[in-house]
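Subject: Structure for you to look at

Hello,

Here is the structure I said I would pass on. Please open it first and then read the notes below it.

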Amino acid sequence: MTNQNGWTKSSWKNYTALQQPNWPDQTALEKVTKDLALLPPLVFAGEIRTLKDLLAKASKGDAFLLQGGDCSEDFSQITAPTIRETMKVLLQMAVVMAYAGGKPAIKVGRIAGQFAKPRSSDTETVNGVELPSYRGDMVNKSEFSINARTPNPKYMLKGYYLAASTLNLLRAFTRGGFAALQRVQAWNQEFVAQSPMGRSYDRLAKQIDQAIKFMNTIGITTDIPQINQTQIFTSHEALLLPYEEALTRIDSTTGDWYDCSAHMLWIGERTRQVDGAHVEFLRGVLNPIGVKIGPDYDIDDIKQLIEILNPANEPGRLTLITRMGCDIIEKKLPPLLREARKEGYHIVWNCDPMHANTYTSESGHKTRDFNDILKEITRFFEIHWAEGTIPGGVHLEMTGKNVTECVGGARNIVSEELHNRYDTTCDPRLNAEQSLEVAFQIADMIKR
Ligand code: PEP
Ligand code: CO
């Protein structure tokens, strides 16, 4: 079945798809995608439309997008405590932004499906042995052996089921009272509570508590969904196109196509070719779409991408996730904003302060400096203010756990400490305390 301009959920196959694993067994791949296509959708079209409406608000400055989670979710870490801690810190950050920043935060996790990674090289060589690169748990395993590194399509099925159980827990937590504003204090984790950030958070939580008690005192009911419930949306990089195709369904109420593997999908910096398979695939589904843009972008290329992905210029459809680097954002972001403003494009401008600020520390760990991250965010805001455009969101690699992967922050993690709790299988993440610190800084900027 085709929709506009010859698009079908398989039309991407007529284009070049970069960053795909070399699946050794095509028959096994086909079997898995057939099985996936029969399984229920993970998210529903109505929820996707709700997110798009919220993002339309962010594009106008009436809400702020908070997108965050692991660089790459690790199958072995999909446990109730890990999911709960990540959710807690997202809730904390959102409440800081809403209460101290005065703007509702749209919570979108890099969660429940962020299992596939683009890599700079197809293979990795260690001590003269060359093996396929690790491409995320939905493709192969990170361990350096031929067995572990051989892509196995069955991991896509496992990824589907783990995404489903993650979503199940997120839905239970967000609807079942855990996320109620009466519990804001309880979201503060022990290791954060003792820190400067934890104490600032505690003060804010007490004020919210008092406000709710006051409402009760004067007879305003607080037993309402706005206080008792929340919604966390899911997102991941739409990298493995056979998986995304298998989860793409027609919405029976509207007859439109949605990729039901997550609410929001994004195209990475390495796969956003205007004539590439990823762009072809995502142009045809109605989800909100993100596109990563690094400092080497070509302006005409970006304009073509915008026209292909959002031909109707629908607000909320397109989020551009800029990842320029803290030192060159001042040179690279303004021309993009000016051109978009001139053309009247509706865009959610989202700042990824992580991916262009990565370096290897003396200890040999891939890391990021908290100050660089904050610098890129601050400059992002300042540039938007100067250009008269709207800073719409932030895109972070973060976790609810007490990891030591990024240096700096209030506790000033130093390079020698990185090995203590360096748990990521891919890029370094902000820990819960560093994430909260970012949220306070952002709140200061969004309240202007
Ligand atoms: C990522 O978000 O983990 C990633 C690989 O980003 P980018 O496409 O911006 O390099
Ligand atoms: Co990453």
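**A buried asparagine in a loop**

Asparagine 357 lies in the loop between β11 and β12. Helices (H or I, at least four residues) and strands (E, at least two) are DSSP runs, numbered from the N terminus. Asparagine 357 is buried, at 7% relative accessible area. Buried means under 20% relative accessible area, exposed over 50%, and partly exposed in between, with a 1.4 Å probe and protein chains only. A polar atom in the side chain of asparagine 357 is 3.0 Å from the backbone nitrogen of cysteine 326. A polar contact is a pair of N or O atoms within 3.5 Å; within protein, one must be able to donate a hydrogen and the other to accept it, and residues adjacent in sequence count only if both atoms are side-chain atoms.

Before going on, two notes on the source. This is a predicted model, in which local features need pLDDT of at least 70 and side-chain atom pairs count only at pLDDT 80 or more, while totals for chains, interfaces and linings use all residues. Residues are numbered from 1 along each chain as its sequence is written, chains are lettered from A and ligands numbered from 1 in the order in which they are written, and side-chain values use heavy atoms, leaving out hydrogens and water.

**The cobalt ion**

Which residues coordinate the cobalt ion (ligand 2)? The donors are Cys71 (SG), His355 (NE2), Glu397 (OE) and Asp427 (OD), at 2.1 to 2.4 Å. Donors are N, O and S atoms within 2.8 Å of the metal (3.2 Å for Na, K and Ca); water is not among the atoms, so sites may look incomplete. Along the sequence the donor residues follow the spacing C-x283-H-x41-E-x29-D. Cysteine 71 is in the loop between β1 (64-69) and α3 (80-99), and histidine 355 is in the loop between β11 (348-351) and β12 (358-360), so the pair ties together parts that are 284 residues apart in sequence. Cysteine 71 is buried, with 1% relative accessible area, and histidine 355 also counts as buried, at 19%.

**Ligand 1**

Cys71, His355 and Glu397 are also among the residues that surround ligand 1, including Arg110, Lys117 and Arg323. A residue is near a molecule or strand if one of its heavy atoms lies within 4 Å of it. The shell divides into 2 nonpolar, 2 polar and 7 charged residues. Here Ala, Val, Leu, Ile, Met, Phe, Trp, Tyr, Cys and Pro count as nonpolar, Asp, Glu, Lys and Arg as charged, and the others, Gly among them, as polar. An oxygen atom of ligand 1 lies 2.7 Å from a polar side-chain atom of lysine 117. For glutamate 269, a backbone N or O atom is 2.9 Å from an oxygen atom of ligand 1.

**Strand β10**

How many of the 5 residues of β10 (residues 318-322) are buried? The count is 5 of 5, so the strand is largely enclosed by the rest of the structure. In a regular strand the side chains alternate between the two faces of the sheet. Leu318, Leu320 and Thr322 are buried on one side of β10, and Thr319 and Ile321 are buried on the other.

**A positive phi**

Alanine 112 is not a glycine, yet has a positive phi of about 60 degrees. Alanine 112 sits in the loop between β2 (105-110) and β3 (123-126) and is buried, at 0%.

Regards
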